[in-house]
Amino acid sequence: MRAVRTTCAYCGVGCGITARVGDGREVEIGGDTAHPANRGGLCSKGTHLGETVGLGGRLLYPMIGDAQADWDEALRLVAAQFRQAIAEHGPDSVAFYVSGQLLTEDYYAANKLMKGFIGSGNIDTNSRLCMASAVAAHNRAFGEDFVPCSYDDLDKADLIVLVGSNTAWCHPVIWQRIEAAREAKGTKLVVIDPRRTETAERADLHIAIKPDGDVALFNAMLLDMHRRGMTDDAFMARHVTTPDRFWDDLSAGETVLPDGFDEFCDLFAAHPRTVTLFSQGANQSACGTDKGNAITNLHLSTGRIGVPGGGPFSITGQPNAMGGREVGGLANQLACHLGFSEQERAAVGTFWNTDTVAQGPGLKAVDLFNAVHDGRIKALWIMATNPAVSLPDAGFVREALQRCPFVVVSDCITDTDTALMADVRLPALAWGEKDGTVTNSERMISRQRALFPAPGEARADWRIIADVAARMGWAEDFAWPNPAAVFREYAAMTAISAERGLKLDLTDRAIMTDVSYEAMEPFRWGAHQPLLEAGFSHPDGKARLISIAPPAPRAFDPAFPLRLNTNRYRDQWHTMTRTGLSPKLSRHRPEPLLDIHPEDAAGAGVNAGGLVRVSTAQGETVLRARITEAQAKGTISAPMHWTDAFGSAGRSNRLTQRRTDPVSGQPAFKDTPAKIAVV
Ligand code: SF4
């Protein structure tokens with residue numbers, strides 16, 4: 001068997017894998033002991049990747065409707081439909097909806113085609129559902145979407161705070177690292193989460209806040225630190241700009257502070273080396289950006305950032321959410337962390353040799369599908385994602401796809417809920433066949449390498465995009481021979497961000513050969529510049545405190561008296577198109593369960609294990625009840641993984657609302673008004 005070093009297909013921890021590849025598609029998976037992110041550790045999902053590489057259910061040939069087509073025919077049709085829509089309705093009548101599953105090279109190609117040549121900002125990504133609020137908080141506080149921590153800080157911290165993160169299940173190898181630090185040096189752990197998750201059960205302190213109580217909590221903590229004299233005036237004078245009246249206006253609102261608040265403040269005050277990790281529970285909220293800034297304000301005001309073992313640390317969900325945002329996969333950024341100012345657009349236009357750079361930001365995910373639904377988008381290309389299940393109010397998204405005049409899906413799976421609604425399906429490579437790079441939560445760039453040859457007629461995503469671009473008239477601009485050439489072009493483009501004082505600078509990689517690209521070792525961009533010496537990315541080199549107030553309480557709706565939260569299971573990933581293939585992974589939780597507090601269950605006559613109909617303004621579904629005091633009274637929670645492919649029950653995203661954060665556009669998955677009834 002030959003050994004190939006690659007990275008895991010799943011979460012943003014970005015674990016290195018050593019794959020031992022035999023004949024055919026036989027593969028043994030082990031942790032890569034030389035990879036700094038995981039040092040050999042893997043979780044159950046990564047360990048069982050070998051069970052998911054079979055060719056059953058794969059899309060192996062281009063399809064037009066239900067008929068197999070040849071590549072040229074399919075590509076010409078896609079190019080013609082997009083060109084026609086642009087000619088008749090303008091560039092903003094077309095859109096791409098892409099994915100944190102794409103490699104950086106794929107993302108770069110898609111962004112270049114849409115924002116550089118089609119000339120619209122309408123490319124957004126399912127990463128909008130995952131960490132867009134953290135991006136917005138970083139941009140406001142630091143002047144750039146920059147993560148000021150690394151996993152090494154978890155080893156050095158004396159206090160780790162987890163906000164809205166069931167780390168033990170959702171980022172298990174980070175959890176292993178936290179547990180190792182607690183064992184080795186007694187690191188304290190605080191978990192802030194409305195749910196008493198498996199992570200919260202094992203913390204030194206669990207603070208069960210009300211849904212969206214984070215801003216009030218962190219504002220109250222900052223007030224408490226200020227009163228105690230624990231804010232660091234010297235640090236702030238050197239590194240932070242404070243708005244006028246910031247301290248006068250700082251308020252925790254009317255919220256009753258949760259149990260454990262005083263203990264939390266004492267722990268924070270006693271441990272200068274504090275890392276605060278925040279994830280979907282913070283981000284997937286109508287005030288997710290404010291939550292990120294409330295956390296960041298606390299770290300900036302107390303000098304707990306840019307020091308070993310200190311900082312606010314957003315942990316991303318997807319394997320390449322970070323790489324995607326670096327190359328412009330979000331509709332509100334151009335590429336290389338650049339905005340849409342005249343100078344930035346001009347620099348990008350010069351680099352790409354085009355005069356059709358998008359004039360401004362495009363539509364963010366939820367708005368994009370609203371535009372599909374109301375007919376503004378005439379041609380839509382969905383890459384490597386399943387929005388008919390994963391977007392909020394998924395029934396509405398299905399209606400939107402049915403109404404759209406032309407839908408293309410490029411994916412490795414033939415019959416995802418979304419692919420079944422496409423006019424054209426283009427076969428893409430899967431994990432184990434792809435070749436390129438990904439960036440993990442600590443901005444470490446690693447290689448994902450091919451283990452097997454491409455099956456059937458499947459092609460790399462970057463190449464499919466280049467093939468369509470060529471048929472739209474831009475062959476020379478997308479004439480890359482291999483992914484190394486795409487990466488070199490991206491690395492060279494970061495000269496524009498570097499010249500503007502941003503930290504995203506890969507220019508030393510722009511001269512990389514195909515051989516050195518193949519041999520690339522994992523590296524963390526920006527790591528050569530100590531943060532406080534280099535300064536933040538705002539023009540004055542200082543970070544910003546952001547004045548924020550807790551959100552007003554949501555009005556109680558007697559028709560929907562409960563609040564639905566969505567969650568993730570330890571051994572499943574997204575809409576289960578891959579993890580659903582592994583029998584071992586399905587043993588952990590074979591079906592979706594609705595978590596209900598005993599008093600809410602009693603009030604509705606629900607028995608443990610009984611079937612419950614959950615209804616919201618968006619739709620309804622049926623789930624089996626799990627009655628547990630781990631679920632706060634007045635709230636219910638269901639996993640997000642199950643799809644129509646698994647039957648009519650358990651589809652929680654048919655229930656969730658399209659409400660979004662006004663700054664980041666990230667959907668508020670965690671707080672949908674709902675009601676329950678016995679089936
Ligand atoms: Fe893969 Fe994430 Fe598990 Fe690591 S922690 S093995 S990246 S799923």
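Reader: How do the axes of helix 3 and helix 20 cross?

Author: This is a predicted model: local features need pLDDT of at least 70, side-chain atom pairs count only at pLDDT 80 or more, and totals for chains, interfaces and linings use all residues. Residues are numbered from 1 along each chain as its sequence is written. The axes of helix 3 (residues 104-118) and helix 20 (residues 461-474) come within 7 Å and cross at roughly 25°. Axes are lines fitted to C-alpha atoms over the stretch in contact, with angles from 0 to 180 degrees between N-to-C directions. Helices are DSSP runs of H or I, at least four residues; strands are E, at least two, all numbered from the N terminus.

Reader: Parallel or antiparallel?

Author: Helix 3 is roughly parallel to helix 20 (angles under 35 degrees count as such).

Reader: Which residues make the contact?

Author: Among them are Ala 109, Leu 113 and Phe 117 of helix 3 and Trp 462, Ile 465 and Trp 474 of helix 20. Contact means C-beta atoms, placed from the backbone, within 7 Å.

Reader: New topic. What order do the barrel strands take?

Author: Six strands close in the order 21-25-22-24-23-26, with mixed pairing. Strands pair if DSSP finds at least two bridges between them. Neighbouring strands are turned by 45° against each other on average, direction ignored.

Reader: How many bridges join strand 22 to strand 24?

Author: Four, and strand 22 (residues 593-596) runs parallel to strand 24 (residues 620-627). Ile 596 stands opposite Ile 627 in strand 24.

Reader: How many helices and strands in the protein?

Author: 25 helices and 26 strands. The C-alpha trace spans about 65 × 60 × 55 Å along its principal axes.

Notes: Angles under 35 degrees count as roughly parallel, over 145 as roughly antiparallel, 65 to 115 as roughly perpendicular and the rest as oblique. Two residues are in contact if their C-beta atoms, placed from the backbone, lie within 7 Å.
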